[in-house]
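Dear colleague,

I am passing on the structure below, together with some notes on what I found when going through it. Please read the notes with the coordinates open beside you.

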Amino acid sequence: MRIRLSRERRSTFPRRSDGRRTRGEGKDRLSRQRRSWNMSRIRGKDTTPEKRVRSLLHRLGYRFRLHVRMPVPFDSLSASSGERVRVRCRTPRAVSVDTLLPKHKTVIFVHGCFWHRHRGCKNCTTPTHRRAWWLKKLEGNAARDKLHQRALRKLGWRPVVVWECQTEKLRSLQKLSKRLSKLLG
Ligand SMILES: [Zn+2]
């Protein structure tokens, strides 16, 4: 995930006219709440893998839209039994889609192997410190992805998942390019 400092964070400490910081405003003087809020603003938007997939789509000549929130019926997200339990967030009414190809009725998710549990991938690891907490979180992410994909399918969209590791090397990008052009026609 790419981490960017928000404008907010940089402007938190106004400098005095002589260029020195005012008292008590060292670089780590953010309140806990403020830091937590800052961290919560860090999103995996426009990551390198996403940009690579987009430039690939562009080169293949496909038109797409970015960052679309797709409203989904409440029912299609309230999954039955076990899945519901593993999903940590409140039931959302919209699925946010990074890359959407309207003409092909296809949505493309570019997923980080760690955060979205790419099974069998070397990057699908679980931190050993606070392992149970991490497992719950990461498995929750993966379960939520499944729900979102199912909801979109019900609406007639075709979800396609591209994994981060499939965008890392030239060879894998070429493979991906073939896969997408075959899929999209
Ligand atoms: Zn992977």
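This is a predicted model: local features need pLDDT of at least 70, side-chain atom pairs count only at pLDDT 80 or more; totals for chains, interfaces and linings use all residues.

Two packed helices are described by the angle between their axes and the distance between the axes. Here the axes of helix 3 (residues 48-60) and helix 7 come within 11 Å and cross at roughly 55°, which means that helix 3 lies oblique to helix 7.

As for the residues involved, helix 3 contributes Arg-52, Leu-56, Leu-57 and Leu-60, and these meet Leu-173, Leu-176, Ser-177, Leu-180 and Ser-181 of helix 7. Sorted by class, this contact comprises 6 nonpolar, 2 polar and 1 charged residues. An α-helix has 3.6 residues a turn, so residues three or four places apart point the same way.

Helix 7 itself covers residues 170-184, and its 15 residues reach 21 Å from the first C-alpha to the last, close to the 21 Å expected at 1.5 Å a residue. Just after helix 7 comes Gly-185, which takes a positive phi of about 75°.

Turning to the protein chain as a whole, its secondary structure amounts to 7 helices and 4 strands, arranged along the sequence in the pattern α-α-α-β-α-α-β-β-α-β-α. Of the 185 residues in the chain, 14% are buried. Among contacts between residues at least 6 apart in sequence, 69% join residues that are at least 24 apart.

Best regards

Key: Residues are numbered from 1 along each chain as its sequence is written. Helices (H or I, at least four residues) and strands (E, at least two) are DSSP runs, numbered from the N terminus. The expected span of a helix is 1.5 Å times one less than its number of residues. A residue is buried if 20 or more other C-beta atoms lie within 10 Å of its own, exposed if 12 or fewer, and partly exposed in between; C-beta atoms are placed from the backbone. Two residues are in contact if their C-beta atoms, placed from the backbone, lie within 7 Å. Axes are lines fitted to C-alpha atoms, for helices over the stretch in contact, and angles run from 0 to 180 degrees between N-to-C directions. Angles under 35 degrees count as roughly parallel, over 145 as roughly antiparallel, 65 to 115 as roughly perpendicular and the rest as oblique. Ala, Val, Leu, Ile, Met, Phe, Trp, Tyr, Cys and Pro count as nonpolar, Asp, Glu, Lys and Arg as charged, and the others, Gly among them, as polar.
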